[in-house]
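Please look over the model shown here before reading the notes on its core, its helix packing and a few individual residues.

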Amino acid sequence: MTPEFYMQLAYDEAKKAAAADEVPIGAVVVDMKDGKVVSAAHNLSEHSGNASDHAEMLALRQACEKLGTNRLRGMELYVTLEPCTMCAAAISFMRIEKLYIGAEDKKGGGVLNGVKFYDAPTCHHRPQVISGIMSEECSQLLKDFFAKKRKKA
């Protein structure tokens with residue numbers, strides 16, 4: 001399978017978030033050995049009342065639970081929007097091997113923008129970062145979501 005295939009799965013998760021009136025971000029954890037999807041999630045922080053329920057955090061937690069481990073070595077993560085600093089740290093601590101990013105987040109990102117968490121000397125594990133996969137689609141989904149929100153307000 002191609003990176004675009006897995007990003008499409010994350011994008012489908014993001015669309016589920018939008019349909020539930022959550023910020024449309026999706027994430028998918030994939031086992032690099034066999035290409036199997038281990039977990040998939042989308043933002044739920046509005047519905048759960050927990051600000052840490054970002055798509056990445058949920059997908060990582062689900063993968064750890066499913067695999068019975070606290071580290072995700074040999075796994076890759078696909079996420080439709082550049083992770084924030086909180087999620088970037090979790091990705092590092094869980095030892096994700098590769099991080100695929102759809103759209104960049106110039107305002108709230110913590111990987112390519114902002115604090116650039118993986119560039120910090122205190123970062124113990126740096127995943128390989130690949131960005132720009134389906135960036136237009138991922139970005140447009142967010143733009144449409146927030147335009148609709150502003151229209152309602």
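This is a predicted model: local features need pLDDT of at least 70, side-chain atom pairs count only at pLDDT 80 or more; totals for chains, interfaces and linings use all residues.

Residues are numbered from 1 along each chain as its sequence is written, and side-chain values use heavy atoms, with hydrogens and water left out.

**Nonpolar core**

- The largest nonpolar core has 46 residues, and Met7, Val29, Leu60, Leu72, Tyr78, Leu99 and Tyr118 are the members that touch the most others; such a core is a set of buried Ala, Val, Leu, Ile, Met, Phe, Trp, Tyr and Cys residues joined through side-chain atoms within 4.5 Å.
- At least two residues of this core come from each of several elements, among them helix 1 (3–19), strand 1 (26–31), helix 3 (55–67), strand 3 (75–81), helix 4 (85–93) and helix 5 (135–152), where helices (H or I, at least four residues) and strands (E, at least two) are DSSP runs numbered from the N terminus.
- Helix 3 gives the largest share of this core, with 7 residues.
- Leucine 72 touches Leu60, Ala63, Cys64, Leu67, Met94, Arg95 and Ile96, when residues up to four places away in sequence are not counted, a contact being heavy atoms within 4.5 Å.

**Helix packing**

- Helix 3 and helix 4 pack at an angle of about 20°, and their axes are 9 Å apart; axes are lines fitted to C-alpha atoms, for helices over the stretch in contact, and angles run from 0 to 180 degrees between N-to-C directions.
- That angle makes helix 3 roughly parallel to helix 4, since angles under 35 degrees count as roughly parallel, over 145 as roughly antiparallel, 65 to 115 as roughly perpendicular and the rest as oblique.
- Glu56, Met57 and Leu60 of helix 3 meet Met86, Cys87, Ala90 and Ile91 of helix 4 in this contact, whose residues divide into 6 nonpolar, no polar and 1 charged; here Ala, Val, Leu, Ile, Met, Phe, Trp, Tyr, Cys and Pro count as nonpolar, Asp, Glu, Lys and Arg as charged, and the others, Gly among them, as polar.
- Helix 1 and helix 5 pack at an angle of about 5° with their axes 11 Å apart, and they are therefore roughly parallel to each other.
- In the contact of helix 1 with helix 5, Met7, Tyr11, Ala14, Lys15 and Ala18 come from helix 1, and Glu137, Cys138, Leu141 and Phe145 from helix 5, a set that divides into 7 nonpolar, no polar and 2 charged.

**Positive phi values**

- Most residues other than glycine have a negative phi.
- Aspartate 21, in the loop between helix 1 and strand 1, has a positive phi near 65°, and its relative accessibility of 39% makes it partly exposed (buried means under 20% relative accessible area, exposed over 50%, partly exposed in between, with a 1.4 Å probe and protein chains only).
- Methionine 134, in the loop between strand 5 (128–131) and helix 5, also has a positive phi, near 55°, but methionine 134 is buried, with a relative accessible area of 13%.

**Two further residues**

- Valine 79 lies in strand 3 and counts as buried at 0% relative accessibility.
- Lysine 116, in the loop between strand 4 and strand 5, is partly exposed, with a relative accessible area of 36%.
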